[in-house]
Each structure stands twice: as structure tokens, then as C-alpha cells.
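Subject: Structure handover

Hello,

Here is the structure you are taking over. My notes on it follow below.

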Amino acid sequence: MTHFIETFTSVFDQSAIKPHRLVVAFSGGVDSRVLLELAAQYTKTHEIDCLAIHVHHGLSENADHWAEQCQAWCDALSIPLAIERVTLDVNNGESIEKLARDARYQAFEKHIRQGDVLVTGQHIDDQVETFLLALKRGSGPKGLSSMAKVMPFSDAHIVRPMLSVTRTEIEASAHDLGLTWVEDESNQDVRFDRNFIRHQVTPVLTERWPSFRESVSRSAQLCAEQELLLDELLASHLQQALGDDQSLSIEVLSEQSALLRARLLRMWLGYCQQAMPSQKQLQLIWDEVACAQADANPKLVLKGVEVRRFNHKLYLVQESKDVSLWQGDITIGEPLALPDGLGEVSLTAGSSECKPNSYSQAFNLPNNNATLRVTFNPEGLSAHPVGRGHSRKLKKLFQEYQVPSWLRRRTPILMDGERVIAVLGLFVDKNYEGQDCEALWSK
């Protein structure tokens, strides 16, 4: 165990990370059982808090028993345990392995706060499996760099302190400590790619070449270093193309070679914390979004986001619901909650201080008995903005005010009957110019 705690501690010393709290990804398997013991010893020595998280996937009939076992082991070490129950959509086309992994990290993220370190139990055999899976997919250096010992996660870090240790060494240590653990029966199912590699590929390779694991780990590290070097060398190019609103200049991209352009697109997506696209998707971003006809409104749907174009720039836009048919009545002093995470609108007599991430418009009401409502549908509506010479359709005004197409039906319109009072964040209609009332849109 002494060797293991030294290995565990050295990762933090080498990376200069000083965790405020350790959060242990605790499945109850042998890897995480040893990890929990290491975390308990480390946090006691360094006088910091420790939390364990067990994700209950509900995929096995033994899942409830595993959760109970994890609770008992944590209680024995006086470590609080959070049990997160998740439901997987097994019909969405993704592999169960990926669904379960994504669900786990989403569950972990709920408990992570700034200064935390999430420790996970992956070891060198896991690294080999990850490398070979990336090779099978035809991944480039980024995919082949596999798992890093230390990487950012939410407002904290993930640390994998056992990446240099083999599965056999972990099991031997667990036996020496007299630990028990759970055995997930699915780990023997070679229909899953990772299990196939674990049971039928890696043993053959390591029998032929005993140092194969270390060679793969070294190759993964070299790929990671090449990726870091490229990012460092191209950082100034990305900054030149990057807008304050995280958009990407198509003009700057068009001046680059195809290889450099593709790299900058990948760096942009990584900067925006998005999953890396395939080569085909990357080409589609350029051909069908960036280079679409001038009068087109192109978009490419990636996982959870859309790549859109506006004013010769590329934007990443979260997928959203259609709220154009929604409307709600609003009165002074009673905030109106908007749909689909768009915040709320409130009306106050006079004026008030505008808060961060909010927009305010002052206006006059024709009478105190007016029934006001908020809508998102500009269809057929016209307005005469204060300071403008004449009335125009909202469709044209959105264009003049440089509102991106995907926001034109997600911007609140304050109505007095069938007349537009204001488009929040943009203008007040001339007929309602004044200071009697204020509309505040808080996002």
C-alpha cells in the first residue's frame, strides 16, 4: 500500500494541484475500492474533506445491492456517499458504454465545486483499451492521447492517480488489504468492445510483448504532447479568429490552408467545450455552413448544438425548443417566467437598477388598465422604434438591429393588445416613449 499511496500523492505533487476536497468516483469495483482507501488516507494526512459518489445505472439486477455495499464501505471510513440514480435512453442509437459514461460524468458534475478534485480509478490496462478503441475508430493524435492523468473538469479537475499501475497490481493490493468489492457481471460480456479488448486482445499482445502496456502509454503521452504543442503554436491564430462572443471569423478561416482551417475549427469546438466532430462533420461545417450562399440560413446539428452562420462568423448555438407560439399576460409587480430557460420579464413603475445579464426599457402606458402580454412571434407585427423615421415590419427591424436568425423568435416582444410596446433588449415603439414604467428582462 505504501507504493500505491506514494504513486497517488506524486500525481498531485507533480501537477502542483492542491485540492480543497477529494471527490471519489466510487463504483464499488476493485479499482475504486483501492482508490477509496487511498483517498481516505490522503485526505486524513492533508486534513481535507472527502466525498464519494456512486452512480446507480439500474442496468443490473444487482445494482441496489452494489449501492448498499458502497454505503457500508464508505460508512466504515467515515466518508459521506452520494448515490446518484440515472436512467439511460438505450434506444437513442448510442452504445450503452457511452451512455453510461456520459451519465456518470453528468452525475459527478452535480457535486463538483471550485477547488475540488475528482479522482477516478482508471489504470494502465484501461489506458491500453482506450487507445485501441481510438485506433479502431481511426482517431488522430487527440483521440490516441487517450486519458490524461490531470485534466480540467467543470470548475475543478479530474485526476487519474493510478494510470501507471496495472489491474493485476491493484487486485494484489486489494487482497493484501483484505478488501472486498463488487463484480459487475457485464464486465465479462465480450459483446462490448472494451471487454472484447480486455479479455481477448490485450492478453495476446502482452504475452507476445510484455512491455506492450508501457509502450502504448508512452505513445498516448507523445500524442498528448503533440496536441498540446500544436495548440500552443496555433493559439495566436485562434485568438485572431475568435470573437468576444465566442464566434469564429469565416474571413480569417478562409485565409488559411485546409489543414490549418480544420485544426482551428477543432480548437474552437474544444474551446467551447464541445465534443470533437468527425472529419466528415468538420468538412460539412466549412462547405455547408461557412460557404453557403449569402442569402441562406445554414445550420449543422452536432450533439446538442447547432453550428450557425451570421455576419460572416460561425456560432455554436444550443439546441432549443420552438417558443414562437407561447405568450403570457404580465402586470406591474408580478414577474413573468419565460419558457425554455429564457429568464423572466418584470414590470416596475418608474425605473430601477439594471442587473447583470439583463436588459431594460423605459416606456409610457396609455392607461393604467392596459392588459399587457409577452410573445415571441414577430409574424405580421410592425413597430416604429424611437429615433427612427418610420414604421417597419419586425422581420426587417430584426435584420437592421443585427439580431441573429436563431434569436428572432426567442426575443421577448411586449405587447399592448395588438400593438408593439417594445422588443426587449432592442427598442421601444415611438408611441410608448416615456419613463412611466420599466420592463426588465433578466436572463
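In what order do the 4 strands of the open sheet lie? The order is β7-β10-β9-β8, and the pairing is antiparallel. The edge strands are β7 and β8 (299-301), each of which pairs on one side only. Helices (H or I, at least four residues) and strands (E, at least two) are DSSP runs, numbered from the N terminus, and two strands pair if DSSP finds at least two bridges between them.

Before the rest, a note on the source. This is a predicted model, in which local features need pLDDT of at least 70 and side-chain atom pairs count only at pLDDT 80 or more, while totals for chains, interfaces and linings use all residues. Residues are numbered from 1 along each chain as its sequence is written, and side-chain values use heavy atoms, with hydrogens and water left out.

Strands

V307 has L316 in β10 as its bridge partner. Elsewhere, strand β11 (residues 327-330) is joined to strand β15 (residues 372-375) by 4 bridges, and the two run antiparallel. The bridge partner of G328 in β15 is V374. G328 and I330 form the covered face of β11, and Q327 and D329 the uncovered one. In a regular strand the side chains alternate between the two faces of the sheet.

Helix α9

Helix α9 has 30 residues (residues 212-241) and should span 44 Å at 1.5 Å a residue; its end C-alpha atoms are 42 Å apart, which agrees. The expected span is 1.5 Å times one less than the number of residues. Buried means under 20% relative accessible area, exposed over 50%, and partly exposed in between (1.4 Å probe, protein chains only). Contact means heavy atoms within 4.5 Å.

N187 lies in the loop between α7 (167-176) and α8. Is N187 buried or partly exposed? At 29% relative accessibility, N187 counts as partly exposed. Not counting residues up to four places away in sequence, N187 touches N195, R198 and H199. The C-alpha atoms of N187 and R198 are separated by 9.2 Å, with the two residues 11 apart along the chain.

Rings

The structure holds 12 aromatic pairs. Rings of Phe, Tyr and Trp (its six-membered ring) pair if their centres lie within 6.5 Å; planes under 30 degrees apart count as stacked, over 60 as edge-to-face and the rest as tilted. The planes of F310 and W406 are at 80 degrees and the ring centres 6.3 Å apart, so this pair is edge-to-face. F310 is in strand β9 (residues 305-310) and W406 in the loop between α13 (394-400) and β18 (413-416), 96 residues apart. Y315 and W406 form a tilted pair, 5.3 Å centre to centre with 55 degrees between the planes. Y315 belongs to strand β10 (residues 313-318), 91 residues from W406. F310 and W406 are buried, and Y315 is buried as well.

Regards
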